[in-house]
Structures are given as C-alpha cells and as structure tokens.
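Here's a quick briefing to read alongside the model. Have the sequence and the 3D view open as you go.

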Amino acid sequence: MNDLIGIDPQAPGGLRDLIDLLRLFSPSEGRFIADFPMEWEGQLREHLRSISDLGVMASDEAIKYRLSHAILPTSVRFRSSMSWPENAVSLRREVFKLVGPAGKPSNLVEPIDMVLSDPDAFPDASGALIDRTSHAYVAVARPILMLSRKVVLVDPFFTLRFQSDSRSTGLPDRRRKVLAQFLHEAVKWKQVEAFEIFYSPSKTGRSLDLQGADFEDVAKEAGATRIAIRVHALDRNESDRQHARYLLGLRNGLHFDHGFDVANDGSKNHVEWISKAVLNPLLDKFT
C-alpha cells in the first residue's frame with residue numbers, strides 16, 4: 001500500500017503513456033509518484049509539449065487535476081549536473097520502482113513501455129491490513145497529510161475521553177495519541193490549513209463544546225495552533241446510520257474499517273483507499 005514510484009519526467013512517449021499513468025495513479029489506487037526532481041509536474045508538461053502539439057491543453061488539465069494529487073516529495077536531493085538515471089541511484093532506497101524512457105533498459109531503471117505492458121509491474125496497492133497503532137495510521141494517511149489543504153475525520157464514535165455509561169471519566173482516550181500524531185504530521189508538511197471532525201455526540205457522550213475543547217488541547221500539544229480546528233455533529237438520523245469511518249482529503253480518502261482506536265493485541269485494521277464512485281459523494285457531503 002502507498003507504493004512510491006520514481007518516474008523520469010521524460011519517460012512518457014506521448015498521450016497514450018500519460019493516459020496509462022492517469023489510470024495507475026488515480027485516487028483509489030494507492031500509488032504515488034516521487035517529486036523527483038522537484039517540480040516534476042512542470043517538467044512532465046514541458047516534455048509532453050516538446051514531443052507533440054496534439055492535446056497539449058488536455059494533457060495540462062489532466063496533469064493538474066488528476067496527477068498532481070499523487071505527487072509526493074522525497075528526501076533525496078536532485079543534482080542538476082547529473083542525468084535522471086544517475087540521480088535515481090540515490091532515490092532507489094525510497095521507491096518501489098524506477099521508470100525511464102522506452103528503449104533504455106538498465107539494472108536499475110525499467111523502460112516505460114515494458115512496465116506499462118506488464119500486468120504484474122504494479123501490484124495492487126489500494127489497501128492493506130495494518131497494525132492498530134498510531135504510527136501505522138499516520139504512515140498510511142501520510143499522502144493526505146502531505147498534500148491536502150483540508151483534512152476531515154468522520155467517525156461517529158470518535159472521542160478523546162474514555163466513556164463510562166455515556167459519561168466522560170476525564171481520562172485520555174487512546175484516540176488522542178492518534179489525533180495528535182495526525183496533526184503533528186500535518187504541521188510537518190505545511191499544507192493542511194483545516195482539520196475537521198464529524199462525530200455523534202449521542203454515541204460518545206461529548207457535547208460539541210467539550211469535544212471542541214479537547215480537540216483544541218490536542219492541537220496545542222501537537223504544535224498545530226495555525227491549523228483551523230472544527231468539530232461537527234452528525235445529525236440524529238445520520239448518526240444512527242453512519243458506521244463507516246473515513247479520513248478524507250480534498251482529492252482522495254481512506255476508509256478505516258476498525259476506526260481510529262489502537263490496540264496491542266495483534267489485531268489488524270483494514271484500511272482502503274476509497275474508489276472515485278464512493279469518494280465523490282463523501283467529498284460533497286463532508287468537505
């Protein structure tokens with residue numbers, strides 16, 4: 001899950017290759033492109049313009065609105081004095097696969113025509129059974145926290161206090177650490193401007209005011225005071241029907257089957273990138 005692929009921006013041989021990349025790196029696939037070199041998106045556009053005048057506007061729009069959500073920064077510095085394959089030697093430790101132009105095979109970089117024609121070149125990366133730990137949750141959610149201006153957590157049962165007969169005991173809930181690490185990661189990448197939670201006050205025993213105060217406390221602990229923090233109540237009828245738990249960005253989202261609670265009993269949480277057919281109604285509703 002969340003496979004990062006290094007692609008030479010000069011690898012696509014035309015619009016056909018671009019269309020294949022759009023399919024491979026759609027919001028539901030769990031694959032991402034390394035921003036290597038930085039401004040990879042711009043270099044890809046320039047390359048496509050240089051090889052064809054056909055469909056320039058269409059390819060620009062496709063790159064801007066469909067591929068841009070799937071481009072993630074790396075920790076490797078690109079040296080302009082070296083070719084992309086030479087630079088890719090350093091990138092290899094961070095990526096699942098390296099892809100270069102057609103007809104230029106090597107032990108390190110695979111030609112784009114070969115990988116796009118190989119049905120096994122890109123294994124399914126859309127979901128996984130992950131450990132029920134805050135570290136695992138942050139790792140799987142990192143693309144959203146890296147790229148999205150708004151993040152929305154939807155969980156009718158989400159609370160930051162242990163519950164006893166629908167009354168708060170005042171003790172910290174295990175989800176508190178998960179939320180703190182989400183916010184800490186968001187601060188690190190400097191993209192998230194708003195973080196919102198939809199939950200059910202009736203199911204958690206926490207009013208909007210109390211939940212909001214707890215949320216603000218966690219944000220302060222995480223150094224996320226510049227992020228706009230908001231809580232929303234699922235209405236009564238909605239909270240009765242709403243069971244699925246989500247973490248949504250503005251372009252993609254994750255379904256957390258077991259919610260955001262943690263456990264040390266070896267149990268797993270089924271986490272899946274949400275398909276476009278399901279994602280769009282959720283974005284309309286919650287973002």
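A cavity here is a set of points, on a 1 Å grid over the protein atoms alone, where a 1.4 Å probe fits but cannot get out, and a pocket is an open set with protein on both sides within 12 Å along at least five of seven lines; lining residues have an atom within 4 Å of a point. Points are joined across faces, edges and corners, and a volume is the space filled by probe spheres set on them. This is a predicted model, so local features need pLDDT of at least 70 and side-chain atom pairs count only at pLDDT 80 or more, while totals for chains, interfaces and linings use all residues. Residues are numbered from 1 along each chain as its sequence is written, and side-chain values use heavy atoms, with hydrogens and water left out.

- Rolling a probe the size of a water molecule over the atoms shows where empty space is left.
- The largest pocket has a volume of about 720 Å³.
- That pocket has 27 lining residues, and Ser68, Ile71, Met146, Leu147 and Gln191 are the ones nearest its centre.
- By class, the pocket lining comes out at 14 nonpolar, seven polar and six charged.
- Helix 6 provides the largest share of the pocket lining, four residues, and helix 2 and helix 6 each supply at least two. Helices (H or I, at least four residues) and strands (E, at least two) are DSSP runs, numbered from the N terminus.

- Leu147 belongs to helix 6.
- With a relative accessible area of 29%, Leu147 is partly exposed; buried means under 20%, exposed over 50%, and partly exposed in between (1.4 Å probe, protein chains only).
- Neighbours within four places in sequence aside, Leu147 contacts Ser68, His69, Ala70, Ile71, Leu72 and Gln191, where contact means heavy atoms within 4.5 Å.
- Leu147 and Ala233 are 86 residues apart along the chain, with 26 Å between their C-alpha atoms.

**Nonpolar cores**

- In soluble globular proteins, nonpolar side chains tend to be buried together.
- A nonpolar core is a set of buried Ala, Val, Leu, Ile, Met, Phe, Trp, Tyr and Cys residues joined through side-chain atoms within 4.5 Å.
- The largest such core has 72 residues, and Phe182, Leu183 and Phe195 touch the most other members. Helix 6 (residues 134-147) gives the most to this core, eight residues.
- Apart from this core lies another one of twelve residues, including Val154, Phe198, Leu282 and Leu283.
- Beyond its neighbours within four places in sequence, Phe182 contacts Tyr137, Val138, Ala141, Leu145, Leu153, Phe195, Leu247 and Phe260.

- The 15 residues of helix 7 (residues 175-189) should span 21 Å at 1.5 Å a residue, and the end C-alpha atoms are 22 Å apart, which agrees; the expected span is 1.5 Å times one less than the number of residues.
- Buried in helix 7 are Arg175, Arg176, Val178, Leu179, Ala180, Phe182, Leu183, Glu185 and Ala186.
- Arg174 is in the loop between strand 9 (167-172) and helix 7, and is partly exposed at 39% relative accessible area.
- Lys190 counts as exposed because its relative accessibility is 74%.

- Most residues other than glycine have a negative phi, and most peptide bonds are trans.
- Asn2 isn't a glycine, yet has a positive phi of about 60°.
- Asn2 sits in the segment before strand 1 (3-7), and at 19% relative accessibility it counts as buried.
- Phe36 and Pro37 are joined by a cis peptide bond, with omega about 5°.
- Pro37 is in the loop between strand 2 (31-34) and helix 2 (40-51).

How values were computed:
Ala, Val, Leu, Ile, Met, Phe, Trp, Tyr, Cys and Pro count as nonpolar, Asp, Glu, Lys and Arg as charged, and the others, Gly among them, as polar.
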